[in-house]
Amino acid sequence: MSQFLQQLINGLSLGSIYALIALGYTMVYGVLRLINFAHGEVFMVGAYAGYYAAWLLGVERFEAAGQGFPLYLALLVLAVAMGAAALLGVLVEALAYRPVRSAPRLTPLITAIGVSLLLQNVALLVFSPNPRRYPAILTEVRFEFAGVIVTNVKLTIFVLASLLMVGLHLLIQKTSWGRGARATSANLDAAELMGIDTGQVIRWTFATGSALAAAGGILFGLDQITINPQMGVLTGIKAFVAAVLGGIGNIPGAMLGGILIGLAEQFTAGYLSPDYRDAITFLILIAVLLVKPQGLLGVVRTEKV
Amino acid sequence: MSKSPTLRVVVVATLFVALFLAGVALRANVIEYVQRIVLLAGINIILAVGLNLINGTTGQFSLGHAGFMAIGAYAAAYVGVLLGPLVEGWCGPGLLADGLTLNLALVVGAFFSACAGLLIGIPSLRLRGDYLAVVTLGFGEIIRIVFTNAEFLGSATGYFGDEPAGLREYTSFFWVYVWALLVVVGLYNLTFSQMGRSLVAIREDEIAAEAIATPTTRLKVQAFVISAATAGIAGGLFAHMQAGIRPEDFRFEKSIDMLVMVIIGGLGSISGAVLGGIFVAVTLELMRDLAQYRLVIYALLLVVIMIVRPRGLLGTRELFDTWKKKSGPSQGSRA
Amino acid sequence: MRPLRRALPYGAVLLGAWALGACKPSAEELANATGDIVVGHYASMTGSTAHFGQDTDKAARLAVDEINAEGGVRGRKLRLVTLDDRGDSAEAANAVNRLIDVEHAVALLGEVASSLSLAGGRIAQRRRVPMVSSASTNPKVTHVGDYVFRVCFLDPFQGRVMAVFAKKHLGLSSVAILRDVRNDYSIGLSDAFRKSFVELGGTIAVEQSYAQGDTDFSAQLTAIRASSARAIFVPGYYSEVATIARTAQRLGLTLPLLGGDGWDAPDLFKIAGDALEGSFFSNHFAPDMASERAQRFVAEFTKRYGQAPTGLGALGYDGVLVIADALRRTKTVEPKALRDALAATREVDGVTGKITIDADRNPTKSAVVLRVTSGHAKYETTIAP
């Protein structure tokens with residue numbers, strides 16, 4: 001029983017991180033009908049931005065002195081990483097995606113794969129392939145209930161991810177930018193005719209999605225201890241599957257999908273075999289496409305000529 | 001190709017003899033290092049032309065051809081080890097036995113890859129092309145995981161056949177280029193057949209194609225299965241050239257290499273794919289000292305080509321279109 | 001596409017010129033070579049296991065320079081040519097061909113990864129160029145043929161070392177195994193460990209696995225926590241091992257970890273922090289208990305590269321020593337003679353011990369076990385074959 005609860009908690013925290021990343025995929029897909037393959041790399045760059053920010057703020061000194069990293073500095077690290085990732089997301093959109101926006105559908109997809117490869121391999125050159133230990137911007141505290149171990153890191157992941165998702169929900173439902181984004185998502189051309197600056201909406205969509213991915217990156221680093229330049233590849237794909245599972249283009253769906261994928265992965269690893277933890281994600285994807293291609297919370301959208 | 005049947009037989013026979021002689025000449029005169037790169041180039045041609053059918057002609061998108069290649073490679077390797085001694089028992093050791101074993105193994109490899117293609121194609125090809133990209137990517141990963149865990153195929157160490165004979169090096173210049181020729185001619189004829197035109201129609205406008213009663217899903221699945229089978233053949237040739245294969249040889253990067261071959265050549269151009277295949281084989285070797293920059297360069301190439309020439313360097317055109325002074329059939333259909 | 005089409009003929013001419021340069025050299029040209037003696041080295045210098053290739057190469061270069069400073073081999077200088085194989089077996093085969101055909105290497109220093117040594121070794125064997133693998137521990141490697149040698153001990157031995165150590169020295173009766181399924185080295189070691197440990201009367205409480213590149217090990221460790229294991233055998237590479245140690249610490253799992261030479265990397269302690277305290281791993285040599293020969297190597301290496309050598313580096317160094325020793329004992333650099341000389345290698349004074357090549361072309365060596373104490377690996381004991 002305690003083992004089951006332990007796997008459940010680990011699965012939930014992993015799932016929350018997937019959910020944060022999945023939001024970026026689903027938002028971009030919503031407005032542009034594009035699988036932003038580079039999103040996994042934005043997540044990775046976000047994690048590295050947090051790493052360097054923490055380092056610049058002297059996290060090593062606090063570690064050496066055995067003191068905790070002050071909360072305001074930790075929040076500053078989070079803000080820096082989110083800002084850096086948002087900037088990268090907007091840059092990628094402006095330099096790579098905008099020129100091919102009106103091209104045949106395959107062109108943006110190949111561009112996205114190219115950008116993803118480019119970011120990943122530049123990161124391999126700049127950061128080196130060796131994994132790095134993530135700085136302790138949160139001093140770990142362990143709680144034990146009936147053989148189940150919960151750390152404050154896991155709790156923070158869950159709380160912070162929930163807060164960010166609620167924030168996003170409010171942003172989309174209550175602000176005028178959110179209204180514009182929803183209109184663009186429904187029909188880009190019509191939204192443009194209605195006087196919505198769709199270029200602006202797309203930029204902000206990339207910025208928001210990337211910032212959330214960066215938050216995911218920092219949480220991932222804290223949770224998984226090390227980061228490396230290739231961490232975005234599989235994590236990104238899993239988050240994308242989460243978005244498809246929840247219903248691509250659907251924001252609550254991305255959160256639900258993320259949690260479900262995290263749990264599925266953790267339970268597969270714990271009870272079946274860790275060898276198939278990655279395979280299960282793809283089996284879920286194929287099953288969803290076969291049975292319910294619109295996803296759990298998605299609506300069927302007929303493609304117009 | 002409206003020539004008389006006799007002429008056609010003569011042409012084909014001459015080609016085969018020429019290939020055989022070229023192979024003998026290559027073996028005798030050129031260092032083995034270059035021989036191997038020439039073989040790799042031939043295998044790349046098969047890969048690129050096969051992938052082009054899906055990514056270029058049909059406008060779908062596979063990122064998992066390394067997986068199909070792996071299936072073909074493992075199946076062909078296994079069958080080759082199994083059949084090798086048997087075939088030698090029938091007709092004695094020699095070129096004949098080697099060729100027979102190799103080709104039987106290749107056919108089995110292609111069959112297994114085609115089956116995998118069918119299995120993946122049916123669920124994902126009912127949907128839009130970008131899902132196919134993710135499903136095939138995932139499929140490639142799963143295949144690698146399966147081979148990594150398959151103990152009878154050597155798990156992570158790789159499959160080298162059982163001692164003492166083991167996996168033999170059956171692949172020769174002659175057979176690589178016979179198969180390259182078969183695949184190129186076969187897919188050329190397919191592209192300019194009725195099916196090929198329907199595939200192009202799917203690429204240009206799937207809904208419109210469906211509206212004129214094109215069985216889009218069935219055609220897409222057929223094309224996908226054929227493409228998977230060619231990757232399987234390439235995998236089989238690779239396995240018998242390398243005389244040992246590892247799951248790690250079929251990483252995602254391999255699929256990217258194939259994608260680069262197709263895009264450099266031009267999405268939809270068979271001669272382009274041939275050039276792309278040769279280009280990648282040669283540049284890989286020339287860039288050995290720049291290994292860490294290789295994927296950066298490939299990635300930049302992808303992005304820049306997509307922005308500047310969305311259809312790839314050659315576009316859908318064939319290299320000899322202009323030499324024939326008349327436009328090929330694919331040109332008419334381009335928007 | 002006019003420019004491209006115009007460029008085509010030029011491209012063809014270039015390719016042709018390259019092919020002409022690729023013609024086979026005559027036997028006469030090769031026999032009259034009097035310049036440097038080339039030793040070819042193929043290794044993963046880039047990619048995820050790049051640090052193995054780089055460590056080996058640094059030490060091999062040190063060895064070559066030291067030999068040359070003492071006057072080389074029979075008046076001729078040694079030259080090490082290193083080619084990157086990017087951790088890919090097709091590339092490894094290409095690299096070996098290039099070393100033989102273009103660089104005219106008389107002997108090869110092989111890969112760290114066993115599967116790549118197998119791929120390259122097959123070519124070396126077929127082309128009759130002797131190859132010495134520095135650190136490929138899979139038994140299959142030297143089965144390739146009589147031209148393939150190695151200077152390291154084998155997986156079955158190293159697995160048995162840790163089994164003996166766990167049972168006899170630590171007195172453990174129940175151990176869990178956590179192995180890397182994507183790594184043949186890890187599989188070989190855990191198979192050998194399991195066999196020996198059970199033979200000695202111990203039990204394997206639970207077996208779990210992961211794949212190289214994974215970062216989340218909480219599911220496996222949670223399962224191990226629920227078992228009766230008193231230690232965990234983790235024969236993997238350092239980056240995953242370090243993360244596993246930290247995750248175990250986080251899950252309140254205080255069992256010691258046991259491992260092999262794949263742990264040996266400076267980054268191990270950077271990532272693991274104090275999570276590995278009291279753990280043990282086997283290795284080829286212990287810097288703090290080494291012979292005078294090894295002390296000198298450690299000092300020279302540290303002076304030159306600003307970092308301490310790893311066990312893999314030591315093996316790369318020894319690989320060059322063994323090749324040079326064989327070259328000294330032959331009259332010509334002809335491959336057959338060199339092979340016979342390598343097969344007759346006796347008592348070469350290497351960093352990792354005295355190296356004697358047996359009939360199976362493997363060395364007979366003992367292993368050391370190191371204990372992790374306050375962020376350093378300290379000599380614990382030696383276990384002989």
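How many residues does the contact take from chain C, and how many from chain B? In this predicted model, the contact takes 31 residues from chain C and 29 residues from chain B.

**View 1. The side of chain C that touches chain B draws on helices and a strand.** On chain C, the elements that each give two or more residues to this side are helix H1 (2-20), strand S2 (78-84), helix H4 (89-101), helix H5 (114-126) and helix H8 (184-199). Among these elements, H4(C) supplies the largest share of the side that touches chain B, namely seven residues. Sorted by class, the residues on the side of chain C that touches chain B comprise 13 nonpolar, nine polar and nine charged.

**View 2. The contact between chain B and chain A takes 32 residues from chain B and 34 residues from chain A.** The side of chain B that touches chain A receives two or more residues from each of helix H4 (95-124), helix H5 (129-149), helix H10 (252-265) and helix H12 (291-308) of chain B. The most is given by H5(B), which contributes 13 residues to the side of chain B that touches chain A. By class, this side of chain B has 24 nonpolar residues, together with six polar and two charged residues.

**View 3. Two strands of chain A form a hairpin with two residues between them.** Strand S2 (residues 142-145) of chain A pairs with strand S3 (residues 148-151) of chain A in the antiparallel sense, and the pairing runs over four bridges. Phe145(A) has Val148(A), in S3(A), as its bridge partner. Within the hairpin of S2(A) and S3(A), Ala146(A) takes a positive phi near 50°.

**View 4. Chain C contains 14 helices and 14 strands.** The radius of gyration of chain C is 23 Å, close to the 21 Å that the globule rule gives for 385 residues, and chain C is therefore as compact as a globular protein of that length. Of the 385 residues of chain C, 58% count as buried. Among the contacts in chain C with a separation of 6 or more, 65% are accounted for by residues 24 or more positions apart.

Definitions and conventions. Residues numbered from 1 in each chain as written. Chains lettered and ligands numbered in written order. Predicted model: local features only at pLDDT ≥ 70, side-chain atom pairs only at ≥ 80, totals over all residues. Rg over C-alpha atoms; globule rule 2.2 N^0.38 Å. Buried ≥ 20, exposed ≤ 12 C-beta atoms within 10 Å, placed from the backbone. Contact = placed C-beta atoms within 7 Å. Pairing = 2+ DSSP bridges. Nonpolar A, V, L, I, M, F, W, Y, C, P; charged D, E, K, R; others polar.
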